[in-house]
Amino acid sequence: MAVRATVSRFPIDSDVQEASGVPWGITVTPFAAKDENGQAPVYGSDGHLLPRCENCYAYFNTYCEPDQWAWNCSLCGTLNGLPSQAIARYSHPQSCAEMMSSFIDLELPLEGSEEEMLHARPVYVAAVDLSSSEEFLELTKSALQAALEALAPGSLFGLATFSHKLGLYDVQGPIPVVKNVFIPQDTEGSLPIELEDVMPLLQFLAPVDTCKDRITSALEALRPTTSWERTPGAGQGLDGVLMGGRGFGVAMEALCNYLGSEYGNTFALARVFAFLSGPPDYGPGQLDTRRYGEQYASKGEDADRALLPEQTPFYKDLAAVAVQAGVCVDIFAVTNEYTDLASLKFLSIESGGSLFLYSNTDDSTLPQDMYRMLSRPYAFNCVLRLRTSTEFKPGHSYGHFFPDPQYENVQHIICCDSYATYAYDFDFANDVGFSRHASEQPVVQIAFQYTVVVPPEELSGSGLVSSSRGKHSLKRRLRIRTLQFGTAQNLNELYDGVDPEAVLSLLVHKVILASLEQGVREGRMLLHDWLVILTAQYNEAFKLLQYKNGSSSITAQIDVAFSQCPQLQPLPRLVFALLRNPLLRFHEEGVHPDYRIYVQCLFRYIVLSILYLGYSHSIIS
């Protein structure tokens with residue numbers, strides 16, 4: 001778990017914070033194997049026995065003040081009693097992870113029987129668009145071949161196709177067989193038959209170990225849907241607009257319900273790879289792409305803002321269905337036409353998946369991206385909780401997650417890999433600020449509960465292997481990071497501890513939020529105004545303003561390069577690069593609206609060191 005604060009020393013009070021002009025917050029990469037300094041967590045067991053504060057529910061950590069029978073919470077100061085079991089454990093502190101490090105990873109007991117846990121195999125389903133070109137299908141085949149090489153042994157794989165019909169492939173027999181169900185053209189329609197009645201799910205999901213050759217044969221047999229194959233209505237559209245018969249919406253809905261029948265039994269998380277060659281234009285979930293050509297028709301409205309909101313809640317609602325079914329959807333769009341990713345993005349980002357966009361098949365890195373994505377470890381069914389000491393509190397939170405409907409500062413993450421990064425900004429809880437006593441420093445605690453699928457070869461140390469050879473196991477873990485920060489008494493101390501990478505990450509989140517709510521123009525103004533304010537506050541703090549009284553005017557020499565503070569010097573260049581990035585450039589400058597949405601999703605997810613390097617590269621080029 002890597003944690004980066006925008007300032008290494010927190011502002012002593014709200015006056016210092018407001019006068020600094022620097023965003024105050026942190027970024028968190030919870031599933032990173034090591035912290036920001038390269039240190040791994042101390043591993044342990046019995047996470048459910050870890051003492052918690054009776055007042056704020058924070059976990060016991062190395063910053064607490066333990067006594068023989070009690071401990072003081074490092075966040076709220078409450079005195080808590082220690083249970084007898086904890087007293088016995090803490091009499092040997094070298095054997096307790098929470099006594100050895102402030103960065104720990106503890107195993108939790110799983111609910112359910114041992115047999116249920118062992119049946120949770122990794123499940124992957126490819127949904128391929130056949131209303132496409134030969135070049136698109138060849139690229140998709142290469143990507144899926146790369147995926148098959150990256151999948152862990154024991155994984156289950158299913159192949160589905162969609163156009164004006166939904167096809168399910170059975171590759172467990174001697175010859176691959178496909179069964180098709182026609183998709184209704186009506187936007188309110190549904191499939192005439194349940195997919196379980198078309199093909200039993202366990203017949204559709206094939207073991208990769210034994211069926212890889214037949215899966216490859218089925219992929220090689222894929223061909224684009226020709227015009228004469230489509231139903232008479234498939235080629236017709238709304239108000240005479242030609243439609244290609246791409247029934248993506250109902251296909252995804254049917255697959256989520258199909259897989260959901262075995263959620264918690266055959267699998268703990270299923271990943272669907274959706275390969276799309278254009279906008280959904282047939283059946284439920286179809287999108288009207290005419291708004292791309294009409295974006296300048298409304299006078300007085302930000303033309304770029306007109307294409308940022310979704311035009312239908314269908315895919316946002318479908319994401320909720322996917323979450324309930326234990327399905328994570330990754331969308332791979334290979335197209336140079338307007339596809340309305342503003343509407344489609346919710347299906348991927350809110351189900352825990354990723355959104356990829358490629359403008360053509362010739363230069364696409366889709367196969368390499370698939371292999372890298374599947375080679376990375378990932379966690380699922382995650383819960384992220386941030387707690388702070390009483391003087392301050394989290395403000396906004398940023399990232400691809402579901403906020404808990406009941407508890408504040410609790411986020412649910414469906415699927416999380418080692419690059420997924422989230423951000424929080426802070427506010428003071430009162431006008432007093434932090435204590436000036438060194439013994440009472442601000443504390444942040446991040447708790448991350450997650451589940452991982454453990455392959456059979458990693459169970460060699462347990463007694464499960466002999467009775468469950470070839471089966472996967474689930475492990476539930478609790479990762480906790482507790483950090484204590486110093487305080488900056490003045491602006492000079494605050495500026496000396498600025499982390500430009502963390503500042504950039506928080507700024508990007510704020511700018512994206514402003515762009516989505518008020519338009520790209522407003523996002524640019526927010527960023528520009530922030531840099532102006534920071535420059536003014538810096539010059540005031542370092543007493544650099546030198547006024548010269550002339551006969552008719554007053555001029556001032558202002559340091560816009562932050563020459564007195566090396567930590568601030570990268571920020572003007574980074575802001576310039578951000579203003580020139582497709583994220584904040586206008587459509588008339590050649591930025592496609594789908595590409596802007598893709599960049600927004602990428603920057604809200606990516607680890608900040610990669611983001612920083614990307615902007616540094618854009619400055620150089």
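Is Glu-149 buried or exposed in this structure, and what is its relative accessible area? Glu-149 turns out to be exposed, with a relative accessible area of 53%. Keep in mind as you look around that this is a predicted model.

**Salt bridges**

Let's stay with Glu-149 for a moment. Its side chain meets that of Lys-212 in a salt bridge, at 3.8 Å from N to O. Glu-149 sits in helix 5 (residues 134-150) and Lys-212 in helix 8 (residues 208-220), so this pair ties together parts that are 63 residues apart in sequence. Lys-212 itself is partly exposed, with a relative accessible area of 28%.

How many salt bridges does a search of the whole structure find? The search comes up with 17. Here are some of them, including the one you just met:

| Salt bridge | N to O distance |
|---|---|
| Arg-9 and Glu-493 | 3.7 Å |
| Glu-149 and Lys-212 | 3.8 Å |
| Asp-281 and Arg-246 | 3.9 Å |

Take the pair of Arg-9 and Glu-493, which form a salt bridge. Arg-9 belongs to strand 2 (residues 9-11) and Glu-493 to helix 13 (residues 491-496), so their contact ties together parts that are 484 residues apart in sequence. Arg-9 is partly exposed, with a relative accessible area of 35%, and Glu-493 is also partly exposed, at 24%.

Now for Asp-281 and Arg-246, another salt-bridged pair. Asp-281 lies in the loop between strand 14 and helix 10, while Arg-246 lies in the loop between helix 8 and helix 9 (248-260), so the pair ties together parts that are 35 residues apart in sequence. Asp-281 is buried, with a relative accessible area of 11%, and Arg-246 counts as buried at 7%. Elsewhere, salt bridges with shared partners link Asp-105, Glu-107, Arg-477 and Arg-479 into one network.

**A proline in a loop**

The loop between strand 14 (270-276) and helix 10 (314-324) also holds Pro-279. Why does Pro-279 count as buried? Its relative accessibility is 7%, and buried means under 20%. Pro-279 and Thr-335 are 56 residues apart along the chain, yet their C-alpha atoms are separated by 8.9 Å.

**A charged patch**

Over on the surface, Glu-134, Glu-135, Asp-362 and Asp-363 gather in a patch of negative charge. One of these, Asp-363, is in the loop between strand 16 (355-358) and helix 12 (366-375). Asp-363 is exposed, with a relative accessible area of 62%.

Next, look for an open sheet of seven strands, in the order 4-8-23-22-17-20-19 and with mixed pairing. Which strands stand at its edges? They are strand 4 (42-44) and strand 19 (402-403); each has a single partner strand, so one side of each is left without a neighbour in the sheet. In general, strands of a sheet pair through backbone hydrogen bonds, either parallel or antiparallel. Strand 17 (residues 378-388) and strand 20 (residues 410-417) go for the antiparallel sense, over seven bridges.

**A helix tucked away**

Finally, find helix 17 (residues 593-603). Nine of its 11 residues are buried, so helix 17 is largely enclosed by the rest of the structure. Among the buried ones are Arg-596, Ile-597, Tyr-598, Val-599 and Phe-603.

Key: Residues numbered from 1 in each chain as written. Predicted model: local features only at pLDDT ≥ 70, side-chain atom pairs only at ≥ 80, totals over all residues. Heavy atoms only, no water. Patch = residues over 30% accessible without salt bridge, like charges linked within 9 Å, V, L, I, M, F, W, Y side chains within 5 Å. Areas by Shrake-Rupley, 256 points an atom, 1.4 Å probe, with all protein chains shown as cover. Salt bridge = Lys/Arg side-chain N within 4 Å of Asp/Glu carboxyl O. Lys, Arg positive; Asp, Glu negative; His and termini not counted. Charge placed at Lys NZ, Arg CZ, Asp CG, Glu CD. Helix = DSSP H or I, 4+ residues; strand = E, 2+ residues; numbered from the N terminus. Buried < 20%, exposed > 50% of the residue type's maximum accessible area, 1.4 Å probe, protein only. Pairing = 2+ DSSP bridges.
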